[in-house]
Amino acid sequence: MASMIAAASGKPFMASILLVFGLFISHLAVLTGAQSLGVCYGRNGANLPKQAEVISLYKANGIGRMRLYDPDPATLQALRDSNIELILDVPKSSLQPLADPAKARDWVQKNVKAYSPGVKFRYISVGNEIHPSDAEAKFVLPAMQNVQNEISAANLRAQVKVSTAIDTTLLGGSYPPSKGFFGDAASSYIKPILQFLAKNGAPLLVNVYPYFSHANDPARVGLDFALFRAPAVVVSDGKNRYRNLFDAMVDSVYSALEKAGNPNLKIVVSESGWPSAGGKAATRENAGTYYRNLISHVKGGTPKKRGQAVETYLFAMFEENLKEAGVERNFGLFLPNKQPKYQLSFR
């Protein structure tokens, strides 16, 4: 009886502790989800704001991560002490030069070490969407190795991971997601890169665009499936159920990694977006729906990686009027005058 009374008297205190702990965990989950988001900063426009203004816009909107497609000195300078984490790309034109160790040393010294620790480098993406048939393909892995060596020499290995960004056309199959595999033409190119990533504890960067899958085959790839609003399961794949195309695409790459002998590699979605004009289903309403649903969805992971937030970078910060006419000019979350196109919350 005495023990029962003691237990009963402790219940209000214990309930308070559990409530506080639950609120802490809830806050932590929201914070973790928010931190998994970034926005790509493309600069291929003639009317874009100054770099310092762009960094202020990121901070004002609570955007804590950025992808930058070239080592622009003004942007890197503006990023100092901003606390924004950065993916910095090695442009396609620099891949062959960086296959030379001396030039890789100069590149890392000039574009990374000179700005660290004021700039929070997260990943170096050595190339973006390089295909096995591209002339630059043979330089990707040597450049990655040389950049990695210089990152290590600069004592930044624990902070900065070296990777490359691929697109999903390297897959030889992706339906259902468990059948995902790298095609024959891509295997000899990608497998040594995957081994490099595994050895160095780096993720694979993958650009994931449900928009193009829908636009290229709207009869088979439904709009609701692509926009995260399918009312029921669309794809059943063993124990996994898919109600959106984003999850299916990411998990098909995870399946390809497993078949390539790298089941523990992490995927970072280095681009994903939806255009507001210029093509099929490219409307402001659809684009806003996609971005809002993507932001809320990635916190929960995919069916293969349930509960593991998907680090995702939205494409892109601005409309870029120097790009090819059509959808490519219409992925911006903000207009060049810094006004938002959509009501989005990154916090």
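In these legends, contact means heavy atoms within 4.5 Å. This is a predicted model, where local features need pLDDT of at least 70 and side-chain atom pairs count only at pLDDT 80 or more, while totals for chains, interfaces and linings use all residues. Residues are numbered from 1 along each chain as its sequence is written, and side-chain values use heavy atoms, with hydrogens and water left out.

**View 1. Asparagine 111 in helix H5.** Here we look at asparagine 111, which sits in helix H5 (residues 101–111). Helices (H or I, at least four residues) and strands (E, at least two) are DSSP runs, numbered from the N terminus. Is asparagine 111 buried or exposed? Asparagine 111 is buried, because its relative accessible area is 6% and buried means under 20%, exposed over 50%, partly exposed in between (1.4 Å probe, protein chains only). Not counting residues up to four places away in sequence, asparagine 111 touches Pro71, Leu76, Leu88 and Phe121.

View 2. Strand E3 (residues 85–90) and strand E4 (residues 120–128) run parallel, joined by six bridges; two strands pair if DSSP finds at least two bridges between them. One of the links is between glutamate 85 and its bridge partner in E4, lysine 120. On to the next pair: E4 and strand E5 (residues 161–167) also pair in the parallel sense, over four bridges. Serine 125 has serine 163 in E5 as its bridge partner. To get from E4 to E5 the chain passes through helix H6 (residues 137–153), in a right-handed β-α-β crossover. Right-handed means that, with the strands pointing away from the viewer, the path from the first strand over the helix to the second runs clockwise.

**View 3. Valine 90 in strand E3.** Valine 90 belongs to strand E3 and counts as buried, at 1% relative accessibility. Which residues does valine 90 contact, leaving aside its neighbours within four places in sequence? Among them are Leu95, Leu98 and Trp107, along with Ile124, Ser125, Val126 and Gly127. Threonine 164 is 74 residues apart from valine 90 along the chain, yet their C-alpha atoms are separated by 9.0 Å.

**View 4. The largest pocket.** A pocket here is an open set of points on a 1 Å grid over the protein atoms alone, where a 1.4 Å probe fits, with protein on both sides within 12 Å along at least five of seven lines; lining residues have an atom within 4 Å of a point. The volume is about 550 Å³, counted as the space filled by probe spheres set on the points. Of the 18 lining residues, Ser174, Tyr175, Ser213, Val221 and Leu245 lie nearest the centre. Strand E6 (171–173) and helix H10 (245–259) are the elements that give two or more residues to this lining, and H10 gives the most, with four.

View 5. Helix H8 (residues 210–216) supplies the largest share, three residues. Glutamate 129 is found in the loop between E4 and H6, and has a positive phi of about 55 degrees although it is not a glycine. The peptide bond from phenylalanine 315 to alanine 316 is cis, with omega near 5 degrees.
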